[in-house]
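Please open the model in a viewer and keep the selection tool at hand. The stops below are to be visited in order.

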Amino acid sequence: MLNMGFIEDIETIFKHTPEHKRVMLFSATMPKPILKLAENYMKQYKFIKTKTELFTALTKQYYFEVSETDKFEALTRIIDSNENMYGLVFCQTKLEVDRVAKKLMEKGYKASGLHGDLTQNMREETLNNFRHKRINILVATDVAARGIDIDQLPHVINYELPDVAEDYVHRIGRTGRAGKNGEAISLVCIDEKAFLIGIEKLINKKIDSDTIDGFEPNPAIKAEPIQKRQQGNNRKNYNNSGKAKQNI
């Protein structure tokens, strides 16, 4: 909740609680800026951490190397190759969520988008449609998908890799839950290789790679650094005082 911009709500709640209390904070990952914020509300705390491998032990992970311009067609190839495709497709920005979801629907796929600009009623309706499999492809941002618990969700597809490695763990944690097996597929263009290296370092595991026939990356294309893609997204960053600053 700290990372999603609810710090003011949390501070309001704390004002109405006793001075001496027990505070517990749970998170699939704990980036250093969030840990620093958490320290403001905890004294003499104990930090308990499980091995990262536990988050991904039941999830088969691999990625396809593709050119940026081929990503959408590669996505539809993956969907078509899985007869019972039912999964979350992650994009980095809400604008890209809208674009990908719209193109999928125009091609006849049962898909919908989910991001922070939707009203609460619209989000609930979209999630209900997904849970009851009236749609089988849900395109979402990281923030919108935090906390989503879909029973036996078999697939997670990273249409774009996150620029924060911990977000990858959150994403693939939507599948492979409660002892069930899951599959996490990523579409990686040459510009995203640095993000991939960071992810592999975090999870202490080399992710298998492959190519899709007809969508092999062009070796003549040189990598160009990707700027932080939070602009246009519904995330909030924090300054040193812990106050939220909205990226628009």
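Select Lys103 and Phe72 to begin: Lys103 lies over the face of Phe72, at 4.3 Å from the ring centre. This is a predicted model, and every distance in the tour is to be read accordingly. Next, select Lys71 and Tyr159, where the charged end of Lys71 sits over the ring of Tyr159, 5.9 Å from the ring centre.

**Aromatic pairs**

How many aromatic pairs does a search of the whole structure find? The search returns 2. For one of them, select Tyr62 and Phe64, which form an edge-to-face pair with 5.5 Å from centre to centre and 90 degrees between the planes. Tyr62 is buried at a relative accessible area of 17%, and Phe64 is buried at 12%.

Distant parts of the chain are linked here, since the two residues are 44 residues apart: Tyr86 belongs to the loop between helix H4 (71-81) and E2, and Phe130 to helix H6 (residues 120-131). Tyr86 is buried, with a relative accessible area of 5%; Phe130 is also buried, with a value of 0%.

**The sheet**

Display the strands as a cartoon. An open sheet is formed by 7 strands with parallel pairing, in the order E3-E4-E2-E5-E6-E1-E7. Strand E3 (111-114) and strand E7 (208-210) stand at the edges with a single partner strand each, so one side of each has no neighbour in the sheet. On average, neighbouring strands of this sheet are turned by 25 degrees against each other, direction ignored.

Within the sheet, select residues 87-90 and 137-140. These are strands E2 and E4, which run parallel and are joined by 4 bridges. Gly87 stands opposite Ile137 in E4.

Select Glu160, in the loop between strand E5 (155-158) and H8. Is Glu160 buried or exposed? Its relative accessible area is 9%, so Glu160 counts as buried. The side chain of Glu160 reaches the backbone nitrogen of Gln92 at 2.7 Å.

Finish at Arg174, in the loop between helix H8 (165-172) and strand E6 (182-188). Arg174 is buried because its relative accessibility is 11%, under the 20% cut-off. Its side chain comes to 3.2 Å from the backbone oxygen of His170.

Conventions
Residues numbered from 1 in each chain as written. Predicted model: local features only at pLDDT ≥ 70, side-chain atom pairs only at ≥ 80, totals over all residues. Heavy atoms only, no water. Buried < 20%, exposed > 50% of the residue type's maximum accessible area, 1.4 Å probe, protein only. Polar contact = N/O pair within 3.5 Å; in protein donor to acceptor, adjacent residues only side chain to side chain. Pairing = 2+ DSSP bridges. Axes fitted to C-alpha atoms, helices over the stretch in contact; angles between N-to-C directions. Phe/Tyr/Trp six-rings, centres within 6.5 Å; stacked < 30°, edge-to-face > 60°. Lys NZ or Arg CZ within 6 Å of the ring centre and 35° of its normal.
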